[in-house]
Amino acid sequence: MVLIVLLQVCRVLALCIMCFLVKGNYTDLQQVTHRISGGPIDCGEYSNLVMPNGLCRLEAILPQLEEHQCPEMLRCTDQVSFWMHENEESKQQILFLKETVSELQEELRNHRHRVKVLELQNEEKNRFNSSLERRMQELKRRHVDAGTLLHLQGSLIFIMQAQLRNLSILVENTRRSPGCMVNIVHSSPLLSAQEVLYPEVPHVRNCPVDCASIYYNGVRRSGVYTVVPSMGAMPVEVFCDMDTAGGGWTVIQRRQDGSERFDRMWQEYKEGFGDLYTEFWLGNEHIHQLSSQAQYSLRIELEDWSSKHKHALYDSFSIEGETNRYRLHVTGFSGTVEDSFSWYHDKKSFSTPDTGNICAEISHGGWWYHQCFFANLNGIYYTGGQYSPRGKRPLGPDGIVWYAWKDSDYYSLRKVSMMIRPHTFRPRLSP
């Protein structure tokens, strides 16, 4: 019974403390606690009795609770319920605000994305406008060029009509006179506009036997022409150099970029190969027919990879026919480079890799070899000039060599050309 009463007292005390806490009246709670622990209170009396077993016995007489105390507790409960309701509404408002903020942030991101797209579109429009401006300027420039070209073509047509009338008269006069008529003029693909506008009309008097006779007929422009050697040979196309040392040169060999392979056999060197405007060998049979017409001089142009240019000149040059394996005759050296050709190769026969000559096989070309060479202008084209047996694995030197250039067989020249003209040739100031 006492335990039940004690539990009821504790329950009442707990409810009172809860009400005081909710109301925030912490001071009243302290006072109640003190009155309970310090002495008699309005709620009843208590005493401490020591039991035989050493435990305390609590006896209390509960006072009659007045009815006015219960509403106080109920009012406290109502306030707590109201505050909880208010708190729930606040939570709902906070959730709503969070959702609103999220929506605004998403809308802000969308706005930023649209702004970025507009900026990129603006940059693209600016680039497009700039491209249109450049294209407009290019079209204007082309329009000006087209107008200039149209005027140039009109002038060309007028000049060509005049030339056609002159050539018609020339052909008619040539037919009435003894001699032969061949098409000796070929337009060079490298002509400048000035040369096209102001060409020198060739005066064909007789069949030209070499470039010197074309020069004497009034042609002063380098290019490809047809000549007929006087030994009864068929017409042959040659490149005429009308600029070097007075002009009139018939070019028989040229190397300049490595575009042509010179590791060829006997028949190819006999007939000739390559492109007359770039790299070529005119052909031993043609060189024999040309150089046997009179005493011809030989000029060899040389250029290294630092663009240093020198030449060798020989007063007399010719080669024999195929029966004597195109034996070389070259004498009378002069020039700006030391001689590496005539003193060692004169009176030597021509050989190629398929003739059984070991020097031709090692050097991979056709030449007047003699144990093996001091000059080899038909060797392998080595870009940059420097090469070595170890690096290229040849049995011996095989480049485009002029030994005296660097006192070495292992430096390959960048550009070389060989050209001939009559020893008695003298340049003229006018046709």
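This is a predicted model: local features need pLDDT of at least 70, side-chain atom pairs count only at pLDDT 80 or more; totals for chains, interfaces and linings use all residues.
**Overall make-up.** I looked up the secondary structure and found eleven helices and 13 strands in the chain. Of the 431 residues, 32% are buried, and the chain exposes about 26,800 Å², with carbon and sulfur atoms supplying 57% of that area. Among contacts with a separation of 6 or more, I noted that 55% are between residues 24 or more positions apart.

**Disulfides.** I then asked how many disulfides the structure holds, and the count came to two.

I took Cys211 and Cys240 to start with, whose sulfur atoms lie 1.9 Å apart in a disulfide. This pair links distant parts of the chain, since Cys211 sits in helix α5 (residues 211-216) and Cys240 in strand β4 (residues 236-241), 29 residues apart. The torsion about their S-S bond is about -80°, so I recorded the disulfide as left-handed. Cys211 is buried at a relative accessible area of 0%, and Cys240 is likewise buried at 0%.

I turned next to Cys359 and Cys372, which a disulfide joins with an S to S distance of 2.0 Å. Cys359 belongs to helix α9 (residues 358-363) and Cys372 to the loop between α9 and β11 (375-376), so the pair ties together parts 13 residues apart in sequence. Here too I noted a left-handed disulfide, because the torsion about the S-S bond is about -80°.

Is each cysteine of this pair buried or partly exposed? Cys359 has a relative accessible area of 7% and is therefore buried, whereas Cys372, at 22%, is partly exposed.

Key:
Residues are numbered from 1 along each chain as its sequence is written. Side-chain values use heavy atoms; hydrogens and water are left out. Helices (H or I, at least four residues) and strands (E, at least two) are DSSP runs, numbered from the N terminus. Buried means under 20% relative accessible area, exposed over 50%, partly exposed in between (1.4 Å probe, protein chains only). Contact means heavy atoms within 4.5 Å. Accessible areas come from the Shrake-Rupley method with a 1.4 Å probe; for residues, only the protein chains shown count as cover. A disulfide is a pair of cysteine sulfur atoms within 2.5 Å.
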